[in-house]
Amino acid sequence: MKEDNPIEVLIAQGEHQRLDFKFEVSDSKKIARTLSAFANTDGGRLLIGVKDNGNIAGVRSEEEYYMIEAASTMYTKPSVHFTATRWEINGKTVLEVYIAPSNSKPHTAPDKDDKYKAYIRVADENKPANEVLLLSWKKKESTEGLLFTLTRPVKKLLVYLDSHPHINIKQFCRIAHIKYYTARNILSDLIALDTIKYSMVDKQIVYSKALKVKSGKL
């Protein structure tokens, strides 16, 4: 029995958080946003020469590789490194581009107005990272370590998350009676400590418990 090509196995999964199909590469800046999103989240693969429906069209020219290289070296800050592998399937070439999750977040890329922003990968889309995530990445990279106090707002947050699947920053401000600035700092601390995690619900970033943390202590 003939085994499926590894790329065909990937294509069968459909697009998701760690997999993106591209029929062609015609815009290095747009591809840079995908590189940024993969590097800032859990890594992933771009399959060039594959249509959104999974049909293999094949890479059209060598120029597409160089456009990805330009996206990496010219349009991501700091540069997002990648590895590329060419696969031949039924006489057509698919270019597999792998991006590892980065330890140097955030990686930024230009938006439609050429303003550099950090992106995250949510399902099969690239979304701008918010202030909480940007601050949490900065804190996680800090060589000074992170001091954290179990304050009243933190206790309220953890108690709330004991009985609710997630919370957004406005809800946190309301239940804890704190200002946005304070909520942002607390949430970024807890993400940096891997105590809470983020996800996207109804097109907004929300936060939930990442560990089995009791509301009374960390």
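Trainee: How many bridges join strand 2 (residues 44–48) to strand 4 (residues 92–99)?

Mentor: Strands are DSSP runs of E, at least two residues long; helices are runs of H or I, at least four, and both are numbered from the N terminus. Strand 2 and strand 4 run antiparallel. DSSP must find at least two bridges for strands to pair. Between strand 2 and strand 4, the count is 5.

Trainee: What kind of model is this?

Mentor: Residues are numbered from 1 along each chain as its sequence is written, and side-chain values use heavy atoms, leaving out hydrogens and water. Local features need pLDDT of at least 70, side-chain atom pairs count only at pLDDT 80 or more, totals for chains, interfaces and linings use all residues, and the model is predicted.

Trainee: Which strands are at the edges of the open sheet of 4 strands?

Mentor: The strand order is 1-2-4-3, with mixed pairing. An edge strand pairs on one side only. That picks out strand 1 (19–22) and strand 3 (83–89).

Trainee: By how much are neighbouring strands of this sheet turned against each other on average?

Mentor: Direction is ignored here. The average turn is 20 degrees.

Trainee: Which helix packs on the sheet?

Mentor: Look for contact, meaning heavy atoms within 4.5 Å. Strand 2, strand 3 and strand 4 are all touched. The helix spans residues 63–74, and it is helix 3.

Trainee: At what angle do the axes of helix 2 (residues 28–40) and helix 3 cross?

Mentor: Axes are lines fitted to C-alpha atoms over the stretch in contact, and angles run from 0 to 180 degrees between N-to-C directions. The two axes come within 8 Å. They cross at roughly 60 degrees.

Trainee: Which residues in helix 3 are met by Ser28, Ile31, Ala32 and Leu35?

Mentor: Those four residues sit in helix 2. Their partners in helix 3 are Met67, Ile68, Ala70, Ala71 and Ser72.

Trainee: Why does Tyr207 count as buried?

Mentor: Tyr207 is found in strand 9 (residues 204–209). Buried means under 20% relative accessible area, with a 1.4 Å probe and protein chains only. Tyr207 counts as buried because its relative accessibility is 2%.

Trainee: Which side chain makes a polar contact with the side chain of Tyr207?

Mentor: A polar contact pairs N or O atoms within 3.5 Å; within protein, one must be able to donate a hydrogen and the other to accept it, and residues adjacent in sequence count only if both atoms are side-chain atoms. Here the distance is 2.9 Å. The partner of Tyr207 is Asn130.

Methods. Buried means under 20% relative accessible area, exposed over 50%, partly exposed in between (1.4 Å probe, protein chains only).
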